[in-house]
Amino acid sequence: MEKALFEYLLRLGDDSLILGHRLSEWCGHGPILEEDIALTNLSLDLIGQATSFLDYAGKVEGKGRSEDDLAFLRFDKDYRNLLLVERPNGDFGVTIMRQFLFDAYRKPLFERLVHSSDETIAAIAAKSLKETKYHLKHSSEWVIRLGDGTEESHERIQEALNDLWKYAAEIFYEDEVDATLKEAGVLPNMETLRADWEEIVYSVLKEATLETPDNNWKQEGGRKGLHTEHLGYILAELQYMQRAYPNMEW
Amino acid sequence: MVVTTEEIWGYLEEVFDPEVPVLTVVDLGVVRDVELNGDACKVTITPTYSGCPAMKRIEDDIVEKLNEKGIENVTVELVLAPAWTTDWLSENGKRKLKEYGIAPPENEPDKSVLFADPIVVPCPKCNSKDTRLVSQFGSTACKAHYQCNECLEPFDYFKCLR
């Protein structure tokens, strides 16, 4: 049970950490100042959530690792994030579509985790849910604006959707970790999660005049630590200071 | 030295939010509890947003302030539940925000409504209701960015979090 809980906390924490890091790459590069600030605000929320989840993961593991140890001192195969969140930022449309597919999962997920039998997870979920509502509203409205916008914006965000679609299926990846936690009541009512995600995604895509890709080929592996080449580059940047100057603080 | 929890709450009224220095940590609603056990004082606080970078600073400032008041044995505990909401912002706090030039939170519709009718956020400078949202995300996690169409003042809005 502790082992499954630790694994699951890494999945939650690493999704937040890696996507938060990706969004931070936009700092100073946003298409307009307001979006530069918005994307880094989302990043800050996600890094904060990662801190909470990884802090708790370290306590559950019981080996004295802090949230910083877990964030900065693991190797790539020990990260459990979705492949979706490590995808490169691409243009603004790619970043927004990646965010939208993720937010549409996170909101219903946190709505469930609020009822977790694990009090710490329930508390982090309640906190994060309030923030995630803002994130989903932001990304949904941009998907609609870009999709139902100009020919150029429509084409670009449709392309982003076509490319990211194969990574979206991993959101619903489940294994013995989930089974153990469901039995313990840590993960309540997960059966309808996919239906909730689909409802959000299909209604927004329709409004955005975008077509759902008919390609059902899926690419997964992140939940088991098998990542794309992109994670290595992220970690090189993320971990550089701690690797070069162990235990540095400021 | 004998102090009461009331006195400690009073001392905490002298600790200001580092990002919005017009508000005390009590106005902001982040101080959830004060406990005394002999000469040991425990202050429980909760973050506004998960990634709020001010929390560590607030923690240090509380310890420093109470030490200054002669209370040596101070611990600050951070709790996540129940999650902070702008409903905990005191009336006094809302008034001070407006005077400082930040519009206090309004009653907002649920975030799940896409392209919802914009809420009316009166300009903190000229009180005009003719204002517009520039960005849902502002200079800190807790604020959105607005502009007044009447006096053209750009201003921060302390957004509603529930």
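Tutor: Tyr240(A) sits in helix H10 of chain A, which covers residues 229–244; helices here are DSSP runs of H or I with at least four residues, strands are runs of E with at least two, and both are numbered from the N terminus. This is a predicted model, in which local features need pLDDT of at least 70 and side-chain atom pairs count only at pLDDT 80 or more, while totals for chains, interfaces and linings use all residues. Residues are numbered from 1 along each chain as its sequence is written, and chains are lettered from A and ligands numbered from 1 in the order in which they are written.

Tyr240(A) counts as exposed because it has 11 C-beta neighbours inside 10 Å; with C-beta atoms placed from the backbone, a residue is exposed if 12 or fewer others lie within 10 Å of its own, buried if 20 or more do, and partly exposed in between.

The C-alpha trace of chain A spans about 55 × 45 × 30 Å along its principal axes. The radius of gyration of chain A is 18 Å, which agrees with the value near 18 Å for a compact globule of 250 residues; this radius is taken over C-alpha atoms, and the globule rule is 2.2 Å times the number of residues to the power 0.38. Among contacts in chain A between residues at least 6 apart in sequence, 76% join residues at least 24 apart, a contact being a pair whose C-beta atoms, placed from the backbone, lie within 7 Å.

Beyond chain A, 23 of its residues are in contact with 20 residues of chain B. The side of chain B that touches chain A comprises eleven nonpolar, seven polar and two charged residues, where Ala, Val, Leu, Ile, Met, Phe, Trp, Tyr, Cys and Pro count as nonpolar, Asp, Glu, Lys and Arg as charged, and the others, Gly among them, as polar. On confidence, the model scores ipTM 0.85 and pTM 0.92, and chain B averages a pLDDT of 91, with 99% of the residues scoring at least 70; pLDDT is the predictor's confidence in each residue, from 0 to 100.

Terms used. Contact = placed C-beta atoms within 7 Å.
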